[in-house]
Amino acid sequence: MNRLPACVLALMGLVTTTPALAYTAYVSNEKGNTISVIDLTTMEVTATVPVGERPRGITLSADQKQIYICTSDADHIEVFDADSLSLIRTLPSGPDPELFALAPAGDLLYVANEDNNMVTVVDVGPGAVAAEIPVGTEPEGMGVSPDGKWLVSTSETTSMAHFIDTASFEVTDSVLVDARPRYAAFTPDGKHVWVSSEIGGTVSVIDVATRQIVQKITFEVQGLRKESIQPVGIAITPDGKTAFVALGPANRVAAIDVASFAVKEYLLVGQRVWQLALTPDSKFLLSTNGESNDISVIDVESLKVIKSIAVGELPWGVVIR
C-alpha cells in the first residue's frame with residue numbers, strides 16, 4: 001500500500017487545523033454617536049459602543065490594535081482599543097474633523113478640518129499637532145499615496161484636489177475637478193488618484209506624475225435622474241483591477257473595470273450609500289447606508305449583494321480588521 005511521506009502528512013495536518021481568518025467591521029453611526037461592531041463570520045452585530053458626538057471618519061492603527069474615530073462635533077479624534085473596545089485617549093484634530101488618512105508608516109494622521117479650511121497633521125506617538133496646512137474651502141476627502149510621499153485633499157466648495165508634499169507639508173498643485181469632491185483614493189500602484197464629485201456626478205482619474213485628468217467617469221442608472229446619482233466613497237481592490245464607487249441617493253454601488261474605466265455593474269444596496277470597505281482578502285465589500293441604517297455586504301467575485309445588516313443611526317464610515 002502506498003503511503004504519503006511524513007512531511008506531506010504534516011503539511012496536510014497543518015492546513016486542516018489552521019483556523020480561517022476572522023474579520024471584524026467597525027461602523028461609525030453619525031447620528032447615534034456609536035460604533036457598531038460586526039463579526040463578518042456570522043454577519044451579526046456583536047457590540048454597540050458609545051463614542052463622542054457625530055462620529056464619521058474611522059480607521060485602524062498600523063498594527064490594527066487601535067481604532068481612530070473622527071468625532072466631528074467633539075472636535076477631536078477618539079482612540080479605542082480594538083479588543084476591549086474601551087477608550088484609550090483622545091488626539092487633537094482641529095475643528096470639525098470629518099475624514100482622515102493614516103500615513104503608510106502609521107506615525108501620522110492627516111485630518112480634514114471642514115470648518116477652518118485646514119489639513120491638520122497629527123503625530124500619533126506623542127499625540128501632538130505636527131503641522132497645519134491651508135487648503136481650499138471645506139476640505140473632506142483625504143488620500144495618501146502607497147509610498148507615503150503624496151497626500152491629496154479635496155475641497156468641496158472650491159472643487160479642487162490639492163496635492164500636498166508630505167515631506168514639506170506644502171500644497172504643490174491643485175487640480176480643478178467637478179462640483180463638491182468628497183473622496184480621494186490612490187490606485188495600488190500609486191500612478192493615479194480617483195476623486196469623486198458628489199454634485200458633479202463624476203469621478204476624475206488624475207495622473208499623479210502629470211497632475212492631469214486622464215479620464216472622467218460618468219454614471220447612468222436606468223430610471224434615475226442624473227441629479228440623484230452622487231458619487232462619494234471609493235474602494236479599489238488591491239490588485240488594481242476593480243474600483244467600487246458609492247453613488248449616494250442613487251442607492252447603488254458602481255463596479256468599474258479600472259483598465260477600461262467602464263462600469264461593469266450597478267449594485268442595489270441600502271438607502272443613501274456613503275462609504276465602502278473591502279475585507280483584507282477582497283472577498284467582500286461593505287457599504288454604509290445612511291438613511292436605511294444598515295450596511296450591505298457584497299460578494300466581490302459574483303458582484304452580488306448577499307446580506308443586509310442593521311446597525312446604528314445614520315451609519316457613515318466603515319473599516320475592517
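Which residues touch the most other members in the largest nonpolar core? In this predicted model, they are Y110, W194, F219, F244, V253 and L285, out of 51 residues in that core. A nonpolar core here is a set of buried Ala, Val, Leu, Ile, Met, Phe, Trp, Tyr and Cys residues joined through side-chain atoms within 4.5 Å, and buried means under 20% relative accessible area, with exposed over 50% and partly exposed in between (1.4 Å probe, protein chains only). A second, separate core has 14 residues, including L40, M43, I295 and V311. In soluble globular proteins, nonpolar side chains tend to be buried together.

Because the model is predicted, local features need pLDDT of at least 70 and side-chain atom pairs count only at pLDDT 80 or more, whereas totals for chains, interfaces and linings use all residues. Residues are numbered from 1 along each chain as its sequence is written, and side-chain values use heavy atoms, with hydrogens and water left out.

Turning to the chain as a whole, 53% of its 321 residues count as buried. The radius of gyration (over C-alpha atoms) is 20 Å, which agrees with the value near 20 Å for a compact globule of 321 residues; the globule rule is 2.2 Å times the number of residues to the power 0.38. The C-alpha trace spans about 75 × 50 × 40 Å along its principal axes. The accessible surface comes to about 13800 Å², and carbon and sulfur atoms hold 51% of that area; the areas come from the Shrake-Rupley method with a 1.4 Å probe, and for residues only the protein chains shown count as cover. Among contacts (heavy atoms within 4.5 Å) with a separation of 6 or more, 40% link residues 24 or more positions apart.

The chain holds one helix and 28 strands, both being DSSP runs numbered from the N terminus (helices H or I, at least four residues; strands E, at least two). Two strands pair if DSSP finds at least two bridges between them. Strands β8, β9, β10 and β11 form an open antiparallel sheet in the order β8-β9-β10-β11. Its edges are β8 (97-102) and β11 (128-134), each with a single partner strand, so one side of each is left without a neighbour in the sheet. Neighbouring strands of this sheet are turned by 25° against each other on average, direction ignored; axes are lines fitted to C-alpha atoms, for helices over the stretch in contact, and angles run from 0 to 180 degrees between N-to-C directions. Strand β10 (residues 118-123) is joined to its antiparallel partner β11 by six bridges, and M118 stands opposite P134 in β11.

Strand β8 also carries E98, which counts as buried at 2% relative accessibility. Leaving aside residues up to four places away in sequence, E98 touches R56, G57, C70, S72, A112, E114, E140, E156, R182 and W316.

Six bridges connect β2 (residues 34-39) with β3 in the antiparallel sense, and S36 faces T48 in β3.

Two loop residues complete the picture. D75, between β5 (66-71) and β6 (76-81), has a positive phi near 60° without being glycine, and is partly exposed at 40% relative accessible area. R180, in the loop between β15 (170-176) and β16 (181-186), has a positive phi of about 60° although it is not a glycine, and is partly exposed at 33%.
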